[in-house]
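Subject: Structure handover

Hi,

Here is the structure I promised you. Please open it beside this email and follow along.

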Amino acid sequence: MRPAINQRIYNSALIPQHSVLVVALCAMLSALCTSAVAQQQKKIPRIGYLDLTRNTYRLEAFRQGLRELGYVDGKNIAIDELFPEGRADRLPALAAELICLKVDVIVSAGPTVTSALKEANVTTPVVMAFDDD
């Protein structure tokens with residue numbers, strides 16, 4: 001009879017050890033998963049801004065409009081500005097550069113720039129901004 005009692009005591013001692021091991025393992029896996037999630041950085045949207053000339057007034061108005069919506073360059077968005085300095089023949093190369101930068105959207109300041117983007121078969125969404133000034 002004695003061995004049966006010892007066996008029962010041994011088995012009941014194993015159950016708590018097993019439970020502690022399972023809880024410790026779950027806690028460790030949870031901590032690893034949490035730290036992996038915490039290390040992932042949120043992707044900051046990139047905006048490509050393409051204008052035929054460097055129009056600082058128009059560019060600042062664009063930035064101000066974004067700020068009013070809560071978007072600040074370098075904080076929660078990135079703006080890549082490219083200007084061919086009046087040389088429309090450079091627009092296709094600049095459009096290709098924006099694609100290489102992997103921008104999420106391209107802001108086209110005027111019909112000349114929009115036409116160049118269309119001819120370059122850009123698949124990135126394009127937002128055309130135009131004024132008569």
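Lys102 counts as exposed because its relative accessibility is 65% (buried means under 20% relative accessible area, exposed over 50%, partly exposed in between, with a 1.4 Å probe and protein chains only). Before going on, note that this is a predicted model, where local features need pLDDT of at least 70, side-chain atom pairs count only at pLDDT 80 or more, and totals for chains, interfaces and linings use all residues. Residues are numbered from 1 along each chain as its sequence is written, and side-chain values use heavy atoms, leaving out hydrogens and water.

Lys102 sits in the loop between helix 3 and strand 3. Helices (H or I, at least four residues) and strands (E, at least two) are DSSP runs, numbered from the N terminus. Most residues other than glycine have a negative phi. Lys102 is not a glycine, yet its phi is positive, near 60°.

Glu85 is another non-glycine residue with a positive phi, about 55°. Look for Glu85 in the loop between strand 2 and helix 3 (91–100). Its relative accessible area is 49%, so Glu85 is partly exposed.

Is Thr124 buried or exposed? Thr124 is buried, because its relative accessible area is 13%. This residue lies in the loop between helix 4 and strand 4. Neighbours within four places in sequence aside, Thr124 is in contact (heavy atoms within 4.5 Å) with Ile99, Val103, Asp104, Val105 and Ile106.

**The sheet**

Strands of a sheet pair through backbone hydrogen bonds, either parallel or antiparallel. Here, four strands form an open sheet in the order 2-1-3-4, and the pairing is parallel. Two strands pair if DSSP finds at least two bridges between them. Strand 2 (78–82) and strand 4 (126–129) are the edge strands, and each pairs on one side only. From one strand to the next, the twist averages 20°.

How many bridges join strand 1 to strand 3? There are five, between residues 46–51 and residues 105–109, and the two strands run parallel. Leu50 has Ser108 in strand 3 as its bridge partner.

**Helix 2**

Helix 2 (residues 56–68) lies across strand 1, strand 2 and strand 3, at about 155° to strand 1. For such angles, axes are lines fitted to C-alpha atoms, for helices over the stretch in contact, and the range is 0 to 180 degrees between N-to-C directions.

Which residues of helix 2 are buried? They are Arg58, Leu59, Phe62, Arg63 and Leu66. These cover an arc of only 135° around the axis, so they sit on the same side of helix 2. The arc is that of the directions from the helix axis to the C-beta atoms. The buried residues pack against strand 1, strand 2 and strand 3. Thr56, Tyr57 and Glu68 are exposed on the other side of the helix.

Now check the ends. At the start of helix 2, a side-chain oxygen of Asn55 comes within 3.2 Å of the backbone nitrogen of Tyr57. After helix 2 comes Gly70, with a positive phi near 95°.

**Helix 4**

Helix 4 (residues 111–119) lies across strand 1, strand 3 and strand 4, at about 140° to strand 3. Ser115 belongs to helix 4. Ser115 is partly exposed, because its relative accessible area is 37%. Ser115 and Leu91 are 24 residues apart along the chain, and their C-alpha atoms are separated by 9.5 Å.

Best wishes

Note on methods
A polar contact is a pair of N or O atoms within 3.5 Å; within protein, one must be able to donate a hydrogen and the other to accept it, and residues adjacent in sequence count only if both atoms are side-chain atoms.
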